[in-house]
Amino acid sequence: MQEILHIINEMSPYLLLGFFLAGLMHAFIPGQYYTRHLATPNFTSVVKAALFGIPLPLCSCGVIPTAMSLRKEGASKGAVASFLIATPQTGVDSIIATFSLMGLPFAVVRPLAALLTAVFGGAMVNAFSDSAAGHADNRVGEEKSEQMTLYKKMKSALSYAFVEMMEDIGKWLVIGLVVAGLITVFVPDTWFAMFKGNTLASMLLVLAIAVPMYLCATGSIPIAVALMLKGLTPGAALVLLMAGPACNMASILVVRKVLGTRTLILYLLSIILGAVAFGWVIDLLQFGGTIDFMGGIVAQSACCAEPDSWFSWLCTIVLALLLINALVLPRLRPGGHSHCHGCCGESESHVAPSRVRIYIIGGMNCNHCRASVEKALSNVPGVSSVSVDLATGKAVIEGDASGADIRNAVTSLGFEVKA
């Protein structure tokens with residue numbers, strides 16, 4: 001328990017800073033800035049997609065509707081694949097958290113590996129996948145330009161950083177810390193000794209576990225740290241940090257459905273080959289003494305005996321309160337969720353029943369998923385208003401839009417209309 005509390009205290013100041021920077025990016029950088037550069041199926045658009053995606057704080061599920069929206073708005077398949085590979089592996093919050101627990105070498109190598117792997121994957125998709133060029137749908141790409149004051153932008157940044165992001169990745173961060181604690185307590189210190197001298201075997205084991213699972217880029221950090229303290233090589237730990245967040249069963253199914261089987265194969269091969277290649281290089285550098293990738297981990301372990309500063313404890317308390325506000329309090333409020341958007345309760349009585357239809361949307365796991373569905377549905381001809389509730393999956397649509405257009409708007413993002 002002491003080790004886990006120390007890890008939380010070390011991470012909390014950096015996590016709060018990372019969330020705040022992510023909120024500033026969300027509020028001050030318009031979405032059109034990303035889409036207008038990604039339409040041409042060439043190497044430049046692939047590199048831009050990777051560079052755009054690396055600092056974005058999108059989780060493994062939130063990146064899916066964003067990528068599908070980019071595709072529908074005209075981005076090439078290669079750019080979309082590059083964005084899908086790079087974005088979930090990193091983020092300004094996870095990079096800062098990586099530095100806090102794993103040291104500067106890992107904090108530098110992790111986004112660099114994500115960049116090069118994404119560029120390789122996107123280039124392969126453009127070269128070998130069918131119909132690489134995007135087809136813009138201007139209706140989806142349109143956004144009303146709203147002039148916001150600095151106060152409103154800062155309010156939006158803080159809300160996104162400390163409410164929406166906490167709701168989206170808070171659960172996975174807690175799960176990661178719990179798993180790290182279980183590993184620390186129950187995994188023997190000599191468990192990974194069986195892989196000594198066989199780096200590839202440990203990487204393949206990590207890949208088999210990480211690829212189908214859902215792992216958050218930030219939540220995977222304490223798991224990697226715990227495994228390294230139990231003897232996992234730095235290279236195999238990087239494989240976990242790359243492959244775990246980059247793909248899971250949900251992203252695999254959506255990529256196959258929207259971009260095709262050939263793109264899916266290239267997407268998976270790029271992630272697996274990139275993770276193994278960078279993991280192999282890191283272990284070579286580590287064992288060769290060129291760079292000490294265990295230095296940050298060992299330093300954190302050695303510091304466990306020293307009392308944490310009052311500032312670390314204060315940040316941990318603030319982080320805990322924000323997590324309670326995001327994960328616990330919404331379920332105690334009437335209606336059970338804080339983002340109902342008028343989709344339940346008495347608000348429906350103010351709308352003419354003849355113009356209202358209710359659909360159940362499957363596959364939404366975060367607020368970014370919900371926002372993407374709301375945006376897509378609001379751009380369907382004939383829709384006058386729409387509200388989507390993340391907790392129930394209920395979408396309440398007002399207007400005379402056709403059911404086929406509504407279903408197409410949802411499925412184009414990779415989600416499912418259940419009813």
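## Overall make-up

The predicted model contains 19 helices and four strands. Of the 419 residues in the protein, 53% are buried. When contacts between residues at least 6 apart in sequence are considered, 82% of them join residues that are at least 24 apart.

## The crossing of α3 and α7

Helix α3, which covers residues 43-53, and helix α7, which covers residues 104-128, have axes that come within 9 Å of each other and cross at roughly 145 degrees. The crossing of α3 and α7 is right-handed.

On the α3 side the contact is made by F43, V46, V47, A50 and L51, while α7 contributes L115, A118, V119, G122, A123 and N126. Sorted by class, the residues in this contact of α3 with α7 are nine nonpolar and two polar, with no charged residues.

A polar atom of the E374 side chain lies 2.9 Å from the backbone nitrogen of V388, so the distance falls within the 3.5 Å limit used for a pair of N or O atoms in a polar contact.

S372 is likewise buried, because its relative accessible area is 9%, a value under the 20% cut-off. Leaving aside residues up to four places away in sequence, S372 touches P65, T66 and L413.

Which class of accessibility does C216 fall into? With 6% relative accessibility, C216 counts as buried. C369 is buried too, at a relative accessible area of 0%.

A disulfide is a covalent bond between the sulfur atoms of two cysteines. How many disulfides does the model hold when a pair of cysteine sulfur atoms must lie within 2.5 Å? By this rule the count is zero. The burial of C216 and of C369 is thus found in a predicted model with zero disulfides.

Conventions:
Residues numbered from 1 in each chain as written. Predicted model: local features only at pLDDT ≥ 70, side-chain atom pairs only at ≥ 80, totals over all residues. Heavy atoms only, no water. Axes fitted to C-alpha atoms, helices over the stretch in contact; angles between N-to-C directions. Helix = DSSP H or I, 4+ residues; strand = E, 2+ residues; numbered from the N terminus. Left-handed = near helix turned anticlockwise from the far one by under 90°. Contact = heavy atoms within 4.5 Å. Nonpolar A, V, L, I, M, F, W, Y, C, P; charged D, E, K, R; others polar. Polar contact = N/O pair within 3.5 Å; in protein donor to acceptor, adjacent residues only side chain to side chain. Disulfide = S-S within 2.5 Å. Buried < 20%, exposed > 50% of the residue type's maximum accessible area, 1.4 Å probe, protein only.
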